[in-house]
Amino acid sequence: MNIFHHAIQIDEAKCVGCVHCMRVCPTEAIRIREGKAMIIQSRCIDCGQCMRACPAKAFYIKQNDLKMLQDYKYRIALFPAVMIGQFPDKISEEQIYQAMLALGFTHLMEVEQPIKILIDLTKEYLQETQVSKPCISAFCPAVVRLIQIKYPSLVDNIIPLKAPHDLAAHFILQSLMNQGVKKEEIGIFYITPCAAKISAVKSPVGDQPSVVDGIISMSDFYNKVRQLIPREEETETSSQRKHLTREGVLWSTSRGESSRFGNRAIAIDGIHSVVKFLDRLENDEVQGFDFLEMRACDQSCAGGILMTGNRFTTTERLEQRSKNYPSYREKELDKTLDKHKLTQCLLIDEIKPYNAFSLDDDITRAMEKMTKAQRIICFLPGIDCGACGSPNCQALAEDMVQGNAKMSDCIFLQQRWQHEARIGVEKAFLNLEKRWGEGRFNADCNKRGRRNEGF
Amino acid sequence: MIELRFILEGGDFDRAGTASSETKKILKQLNIDPRVIKHTVVALYEAEVNIAAHAYRGEVTITVSDHQIVAVLKDEGPGIADIKRAMLEGFSTASPKVREMGFGAGMGLPNMKKNADVLEVESTPGSGTTVKMIFDF
Ligand SMILES: Nc1ncnc2c1ncn2[C@@H]1O[C@H](COP(=O)(O)OP(=O)(O)OP(=O)(O)O)[C@@H](O)[C@H]1O
Ligand code: SF4
Ligand SMILES: [Mg+2]
């Protein structure tokens, strides 16, 4: 089952099969096969933990080329406000905007500019009496996917409203088309802080396709912009930011949403904290809350996997910056825009659960497999070392009943079999090489993972 | 058929919830309807907390077959003198200490009744209580 687009890819040539990624994956989506990491697609939520943990930089993200800009007359850069936060203080907002324009864009749109619309809609939704509380924001696509595949009973708690980048895309599209621009002439490029947002654009939760035309990685973009920063502020670009608000600037940082909604709201950042919280929420152990902001990255989007700046200084710069902007309460929506139409574009029709952890679609067969796995577990050492290529003993047992692993993959079990003379030394070694690659265990001073390599 | 077993200690609120969490994980792997899982987990959690709050020790047995989940929680404890009364919303004998921890609203048993398809409570005052719940799917 591969229903989601995945942005994260593994470069096999670079992967050294070191199990770092497998250990940190919150959904046990990674296995090592023939010495290389592989992703179980149905379980991947694109949170980027693997990419962060990889010492060999073997994970990469598919993105579009800036050359694509040439295809459009109106070239729009959609980017989250955290982009600005990455730069050192001495580089001004004006300078950053000018450098972005110099890259070839005609319009710059911080995605949180029209945030008022989303705030109002969310507030209305929270007022409705029949909604499942606590309501969970759909802001972070990694969290939405996580709920879909692992917490199916909580999908109804997700607020069916799209994220700021969708809103901003429709907002600018509508503004330009109101001025008589044709749709084909407009190219919308989203500068993404993470892999999850890419997947959200390529395969949105609802059914309608996204209006974004291209995706550019924030890290590449940052480097290019950095090189084009002018010595001095030359032109005035503030008209490009005319809708920006204090709340908008802080939206993608931690508590950006939760501080706006509900009497009782919680903000959680970091995917492992999110997992723990959802576990408790699903048991009904947490009660009395109206709104949950949950973000996969530590320090929310300031800590996105494609962000260059330090996440703490990024957040601080945004806090300072927000003081220069008025509150959304003081902003009026552009009269020429059709608010109803924008609202329609923001609704998600249905968020479906996709349980990625069932052993079998058929209950009887699933039960047989589970019984078998429980028997297998008795033989495994419970050391959770990962040397079998599965993240822990339980996962290995499950992989076995699915036909994706063998008893002999457990190195301790093999050792015992040798001790009991049930398997030859030669055979045991061949088994190891099969899992980890031929020659993997030869002495080699240049092997990745040797001393002082930053592992 | 799958069988799971857990041991609970009276007064141990930290561990109350282990049986429901573990059971939940297993039920998801068995691809059981999320709604049934939710009912089971919620009712089981209440029953676990009751052992932590009111009894000395207990044993939980969960059996999953192809059409239902049966949960039996057998404890050694003071037992319940008047089960009918205990089933009423708001009835509670929880100690002040337990109340301080946020329990003792007298909603546990009613909540179990709401979530389980069958709820049977048997008790011998002075010796212990057995709670049996069935969830059909
Ligand atoms: N396992 C048990 N052993 C002894 N007494 C029990 C047990 N379970 C319930 N009771 C009795 O039944 C009463 C009602 O239980 P119920 O679970 O409905 O409410 P509670 O536990 O007091 O409060 P709440 O569940 O809302 O935190 C309890 O106060 C207690 O007197
Ligand atoms: S917290 Fe922000 S940057 Fe991180 S995965 Fe979620 S949306 Fe992306
Ligand atoms: Mg109770």
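This is a predicted model: local features need pLDDT of at least 70, side-chain atom pairs count only at pLDDT 80 or more; totals for chains, interfaces and linings use all residues.
B:E9 belongs to strand β1 of chain B, which covers residues 2–9, and, when residues up to four places away in sequence are not counted, B:E9 touches B:A52, B:Y56 and B:R57. Although B:E9 and B:A52 are 43 residues apart along the chain, their C-alpha atoms are separated by 6.2 Å.

In chain A, A:S358 is found in the loop between α13 (339–346) and α14 (363–377). Leaving out residues up to four places away in sequence, A:S358 touches A:Q402 and also B:K28, B:Q29 and B:N31 of chain B. The table sets out the accessibility of both residues.

| Residue | Relative accessible area | Class |
|---|---|---|
| A:S358 | 17% | buried |

In soluble globular proteins, nonpolar side chains tend to be buried together. Here the largest nonpolar core has 134 residues, and those with the most contacts inside it are A:F59, A:L78, A:M100, A:F105, A:V225 and A:L278. A second, separate core of 37 residues includes A:L359 from chain A as well as B:I37, B:I51 and B:F135 from chain B.

Ligand 2, finally, sits in the second largest cavity, and the residues around it include A:F139, A:C140, A:K197, A:R295 and A:S300. Sorted by class, the shell around ligand 2 has eight nonpolar, two polar and two charged residues.

Technical notes
Residues are numbered from 1 along each chain as its sequence is written. Chains are lettered from A and ligands numbered from 1 in the order in which they are written. Side-chain values use heavy atoms; hydrogens and water are left out. A residue is near a molecule or strand if one of its heavy atoms lies within 4 Å of it. On a 1 Å grid over the protein atoms alone, a cavity is a set of points where a 1.4 Å probe fits but cannot get out, and a pocket is an open set with protein on both sides within 12 Å along at least five of seven lines; lining residues have an atom within 4 Å of a point. A molecule sits in a cavity or pocket if more than half of its atoms lie within 2 Å of its grid points. Ala, Val, Leu, Ile, Met, Phe, Trp, Tyr, Cys and Pro count as nonpolar, Asp, Glu, Lys and Arg as charged, and the others, Gly among them, as polar. A nonpolar core is a set of buried Ala, Val, Leu, Ile, Met, Phe, Trp, Tyr and Cys residues joined through side-chain atoms within 4.5 Å. Buried means under 20% relative accessible area, exposed over 50%, partly exposed in between (1.4 Å probe, protein chains only). Helices (H or I, at least four residues) and strands (E, at least two) are DSSP runs, numbered from the N terminus. Contact means heavy atoms within 4.5 Å.
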